[in-house]
Amino acid sequence: YSLIPNSPKWYSRAVTYRIMSYTPDLPKLVVDQIVAKALRMWSEQIPLNFIRVRWGTADIMIDFASRDHGDNYPFDGPGNTLAHAFPPGPGLGGDAHFDNDEYWTDGTNTGVNFLRAATHEFGHSLGLDHSSVPGAVMYPTYEKGNPKDFRLTEDDIEGIQKLYGKRNDS
Ligand SMILES: CC(C)C[C@H](CS(C)(=N)=N)C(=O)N[C@H]1Cc2cn(c3ccccc23)CCCCCCNC1=O
Ligand SMILES: [Ca+2]
Ligand SMILES: [Zn+2]
Ligand SMILES: [Zn+2]
């Protein structure tokens with residue numbers, strides 16, 4: 001695993017998120033459920049909870065967008081870069097953007113698996129950089145893999161706990 005230089009992290013135990021827009025590829029409810037699951041995969045390992053808000057500004061603002069979408073990182077059409085997310089901090093910090101020119105899927109083996117990509121992006125939103133361990137969620141490239149047995153690897157867990165400590169639900 002690797003942390004982002006000077007290890008930006010969230011200092012509050014409750015981090016808010018808001019889903020600002022959706023993809024036409026999946027039902028809204030499914031997007032809501034996958035976002036919650038991707039966030040829970042990380043929060044299970046650390047003393048930090050995610051709270052969904054429906055309006056106003058959240059720490060993690062989630063958007064589907066294509067091409068130029070108001071930050072200095074325009075998307076590139078189908079394929080290539082699938083999504084990006086900003087390290088913890090104010091404003092854009094923590095925000096996660098998904099390229100609307102991808103075909104976002106859930107559980108099928110076509111298109112881009114949204115759970116896998118979202119879990120990767122939220123790793124960045126929490127302060128993780130890329131891992132050199134093939135198969136790690138934080139590996140730089142998207143691997144199809146079997147959606148059935150998708151989970152954080154030891155490397156991902158080590159990295160996030162290095163940054164936030166272990167969750168000790170006694
Ligand atoms: C891990 C993701 C969820 C998020 C990362 C982006 S980020 C910022 N969040 N780390 C991502 O999109 N990685 C590219 C990396 C990449 C692979 N190639 C590329 C060709 C051009 C541009 C980028 C790539 C080769 C061709 C395959 C293109 C489709 C798959 N794309 C990727 O794996
Ligand atoms: Ca793209
Ligand atoms: Zn963006
Ligand atoms: Zn990445």
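# Chat: aromatic pairs and a zinc site

Author: The structure holds seven aromatic pairs; rings of Phe, Tyr and Trp (its six-membered ring) pair if their centres lie within 6.5 Å, with planes under 30 degrees apart counted as stacked, over 60 as edge-to-face and the rest as tilted. This is a predicted model, where local features need pLDDT of at least 70, side-chain atom pairs count only at pLDDT 80 or more, and totals for chains, interfaces and linings use all residues. Residues are numbered from 1 along each chain as its sequence is written, chains are lettered from A and ligands numbered from 1 in the order written, and side-chain values use heavy atoms, leaving out hydrogens and water.

Reader: Why is the pair of phenylalanine 64 and phenylalanine 114 tilted?

Author: Their planes are at 40°, so the pair counts as tilted, with ring centres 5.4 Å apart. Phenylalanine 64 is in strand E3 (residues 60–65) and phenylalanine 114 in helix H2 (residues 114–126), 50 residues apart. Helices (H or I, at least four residues) and strands (E, at least two) are DSSP runs, numbered from the N terminus.

Reader: And which residues form the aromatic cluster?

Author: Phe64, Phe98, Trp104 and Phe114 form one cluster.

Reader: Switching topic, what coordinates the zinc ion (ligand 4)?

Author: His120, His124 and His130 do, each through NE2, at 2.0 Å. Donors are N, O and S atoms within 2.8 Å of the metal (3.2 Å for Na, K and Ca); water is not among the atoms, so sites may look incomplete.

Reader: Where do histidine 120 and histidine 124 lie?

Author: Both are in helix H2, four residues apart, about one turn of the helix.
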